[in-house]
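Subject: Structure for your review

Dear colleague,

Please find below the structure that I am handing over to you.

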Amino acid sequence: MEIVLTIIHILVCVFLILVVLLQSGRAADLAGAFGGGGSQTALGSRGAATLLSKATTVTAVLFMLTSLGLALLGSRRGGSVLESTTIPAATAPATPGAEAAPAPAEGAAPDQPAATPSPDQP
């Protein structure tokens with residue numbers, strides 16, 4: 001269900017972006033660029049709603065509904081993403097001045113010290 005709603009949400013988002021970009025501004029002509037709106041009303045002239053403005057309204061409502069649906073589905077899951085991750089084992093901090101003991105050579109008994117090669121041997 002969540003995957004289907006996510007796909008619908010993405011499609012609605014793309015359509016909303018296209019519809020908004022296709023619309024022209026209220027005073028998109030040259031006079032509007034210099035402040036000459038041509039209207040004496042406070043909020044501009046209100047003409048009949050065009051097909052693009054109706055499509056914008058419907059798409060915006062669908063966007064809100066799919067966003068709300070995805071938020072509700074996400075909250076039902078509960079918890080946090082960090083709860084599903086594993087925490088690495090904690091290591092003890094190294095003490096200053098302590099050096100690691102050398103590993104025993106192959107074939108040497110664990111209780112005998114490792115044989116060091118003499119300088120004459122290659």
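A residue is called exposed when its relative accessible area is over 50%, and buried when that area is under 20%. Please bear in mind that this is a predicted model.

I begin with the protein chain as a whole. It holds three helices and zero strands, and its elements follow the order α-α-α from the N terminus. Of its 122 residues, 8% count as buried. The chain exposes about 10,900 Å², of which carbon and sulfur atoms supply 67%.

Helix α1 covers residues 2–22, which makes 21 residues. From its first C-alpha to its last it reaches 30 Å, close to the 30 Å expected at 1.5 Å a residue. Its buried residues are Leu5, His9, Val12, Leu16 and Val19. These lie on the same side of α1, because they cover an arc of only 95° around the axis. In general, an α-helix has 3.6 residues a turn, so residues three or four places apart point the same way. On the other side of α1, the exposed residues are Ile3, Leu11, Ile17, Leu21 and Leu22. The cover over the buried residues of α1 includes α3.

Helix α3 spans residues 51–77 and contains Val58. With a relative accessible area of 51%, Val58 is exposed, because the cut-off is over 50%. Together with Val61, Leu62 and Leu65, Val58 makes a nonpolar surface patch of about 350 Å².

Yours sincerely

Technical notes: Residues are numbered from 1 along each chain as its sequence is written. This is a predicted model: local features need pLDDT of at least 70, side-chain atom pairs count only at pLDDT 80 or more; totals for chains, interfaces and linings use all residues. Side-chain values use heavy atoms; hydrogens and water are left out. Patches are made of residues with over 30% relative accessible area and no salt bridge: like charges are joined within 9 Å, nonpolar side chains (Val, Leu, Ile, Met, Phe, Trp, Tyr) within 5 Å. Accessible areas come from the Shrake-Rupley method with a 1.4 Å probe; for residues, only the protein chains shown count as cover. A salt bridge is a side-chain nitrogen of Lys or Arg within 4 Å of a carboxyl oxygen of Asp or Glu. Helices (H or I, at least four residues) and strands (E, at least two) are DSSP runs, numbered from the N terminus. Buried means under 20% relative accessible area, exposed over 50%, partly exposed in between (1.4 Å probe, protein chains only). The expected span of a helix is 1.5 Å times one less than its number of residues. The arc is that of the directions from the helix axis to the C-beta atoms. Contact means heavy atoms within 4.5 Å.
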